[in-house]
Amino acid sequence: MNRKQRIDKILSNKFDNFLLEIIDNSNLHKGHSNFTGDDETHIKIILTKKSKSPTNRLNIHKLINNLLQEEFKCGLHSLEIIIN
């Protein structure tokens, strides 16, 4: 299972109120700090609300960062989170 799949599995269990899209942007950072662009180091997560219920963006960001601590320890370098 690759990093995108692991992240999808982790977040899908916690964010059933959202449509979830995970994008590997590592190729856009090739050459930056010796990144090859091949290792799923830069990930973009797009969460789209399924309902009109209010959400606390800061709490969502904190939760995602906490849930992905192990991924950061094993090579995830950058995480972009977009909430629609």
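Me: Which residues is I45 in contact with, leaving aside its neighbours within four places in sequence?

Reply: In this predicted model, I45 is in contact with I7, L11, L20, E21, I64, L68, L79, E80, I81 and I82. Contact here means heavy atoms within 4.5 Å.

Me: What makes I45 stand out in the largest nonpolar core?

Reply: That core has 15 residues, and I45, L47 and I64 touch the most other members. Two or more residues come from each of α1, β1, β2, α2 and β3 (78-83).

Me: Why are the buried residues of α1 said to line one face of the helix?

Reply: The buried residues in α1 (residues 3-12) are R3, I7 and L11. Buried means under 20% relative accessible area. Seen down the axis, these residues fall within an arc of 55°, so they line one face. They pack against β1 (18-24), β2 (42-49), α2 (57-67) and α3 (69-73).

Me: Why are β1 and β3 described as standing at the edges?

Reply: The open sheet has three strands in the order β1-β2-β3, with mixed pairing. β1 and β3 each have a single partner strand, so one side of each lacks a neighbour in the sheet.

Me: How do you know that β1 and β2 pair?

Reply: Pairing needs at least two bridges. Seven bridges join β1 to β2, and the two run antiparallel. I23 stands opposite K44 in β2.

Conventions:
Residues are numbered from 1 along each chain as its sequence is written. This is a predicted model: local features need pLDDT of at least 70, side-chain atom pairs count only at pLDDT 80 or more; totals for chains, interfaces and linings use all residues. Side-chain values use heavy atoms; hydrogens and water are left out. Buried means under 20% relative accessible area, exposed over 50%, partly exposed in between (1.4 Å probe, protein chains only). Helices (H or I, at least four residues) and strands (E, at least two) are DSSP runs, numbered from the N terminus. The arc is that of the directions from the helix axis to the C-beta atoms. A nonpolar core is a set of buried Ala, Val, Leu, Ile, Met, Phe, Trp, Tyr and Cys residues joined through side-chain atoms within 4.5 Å.
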